[in-house]
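Here is a short report on one protein chain.

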Amino acid sequence: MISDKATRPGLAPGARKFLWGAIVALLFLPLIAMQFTAEVNWGAEDFAAAAILLGGTGFALEVAARLLVDPRKRALAVLVIVGAVLLVWVELAVGIFD
């Protein structure tokens with residue numbers, strides 16, 4: 001008998017829901033914060049940049065989960081993707097490479 005994991009590569013349905021739910025939650029955090037403080041002042045372009053960055057991250061994680069079977073390679077891919085996203089996020093926020 002073939003296991004379900006062997007026939008369906010990629011993220012488990014629960015992991016997929018968690019990933020995309022976390023991305024949506026991260027996008028809503030500044031929107032909620034803007035209601036309570038004037039220090040958070042995002043425009044449409046800020047939300048678009050964050051959506052592209054986080055959506056691209058989710059897509060890259062989905063692709064890595066589908067293409068890589070070895071758990072160690074998957075973990076390394078996740079670390080590389082998340083590390084790259086954090087570097088881009090920090091650069092966009094404060095410009096560490098200027």
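## Leu54 and the core

Leu54 touches Ile23, Leu26, Leu27 and Trp89, leaving aside residues up to four places away in sequence. The model is predicted. Leu54 also belongs to the largest nonpolar core. This core has 7 residues in all: Leu19, Ile23, Leu54, Leu61, Ala64, Ala77 and Ile81. Helix 2, helix 3 (44-67) and helix 4 (71-94) each give two or more residues to this core. Helix 3 supplies the largest share, 3 residues.

## Overall form

The protein chain holds 4 helices and 0 strands. From the N terminus on, the order of elements is α-α-α-α. The C-alpha trace spans about 60 × 30 × 15 Å along its principal axes. The radius of gyration of the protein chain is 17 Å, whereas a compact globule of 98 residues would have one near 13 Å.

Buried residues make up 17% of the 98 residues. The accessible surface of the protein chain comes to about 7,400 Å². Carbon and sulfur atoms account for 72% of that surface. Take the contacts between residues at least 6 apart in sequence: 49% of them join residues at least 24 apart.

## Salt bridges

How many salt bridges does the count come to? The count is 2 salt bridges. The table sets out both pairs.

| Arg16 and Glu62 | 3.0 Å | Arg16 24%, Glu62 11% |

Start with the side chains of Arg16 and Glu62, which meet in a salt bridge. This pair links distant parts of the chain, with Arg16 in helix 2 and Glu62 in helix 3, 46 residues apart. Arg16 is partly exposed. Is Glu62 buried or exposed? Glu62 counts as buried, because its relative accessible area is 11% and the limit for buried is under 20%. Glu62 touches Leu11, Arg16, Leu19 and Trp20, not counting residues up to four places away in sequence. Among these, Leu19 is a member of the largest nonpolar core.

## A nonpolar patch on the surface

Which residues form a nonpolar patch on the surface? They are Val24, Phe28, Leu31, Ile32 and Phe36. Together they have about 510 Å² of accessible area. Phe28 sits in helix 2 (residues 13-36). Its relative accessibility is 44%, so Phe28 counts as partly exposed, a class that runs between 20% and 50%.

Where is Val40 found? Val40 is in the loop between helix 2 and helix 3. At 24% relative accessibility, Val40 is partly exposed. Val40 touches Pro30, Ala33 and Met34, again not counting residues up to four places away in sequence. Val40 and Leu27 are 13 residues apart along the chain, and their C-alpha atoms are separated by 13 Å. Leu27 is also one of the residues that Leu54 touches.

Technical notes:
Residues numbered from 1 in each chain as written. Predicted model: local features only at pLDDT ≥ 70, side-chain atom pairs only at ≥ 80, totals over all residues. Heavy atoms only, no water. Patch = residues over 30% accessible without salt bridge, like charges linked within 9 Å, V, L, I, M, F, W, Y side chains within 5 Å. Areas by Shrake-Rupley, 256 points an atom, 1.4 Å probe, with all protein chains shown as cover. Salt bridge = Lys/Arg side-chain N within 4 Å of Asp/Glu carboxyl O. Buried < 20%, exposed > 50% of the residue type's maximum accessible area, 1.4 Å probe, protein only. Core = buried A, V, L, I, M, F, W, Y, C linked by side-chain atoms within 4.5 Å. Contact = heavy atoms within 4.5 Å. Rg over C-alpha atoms; globule rule 2.2 N^0.38 Å.
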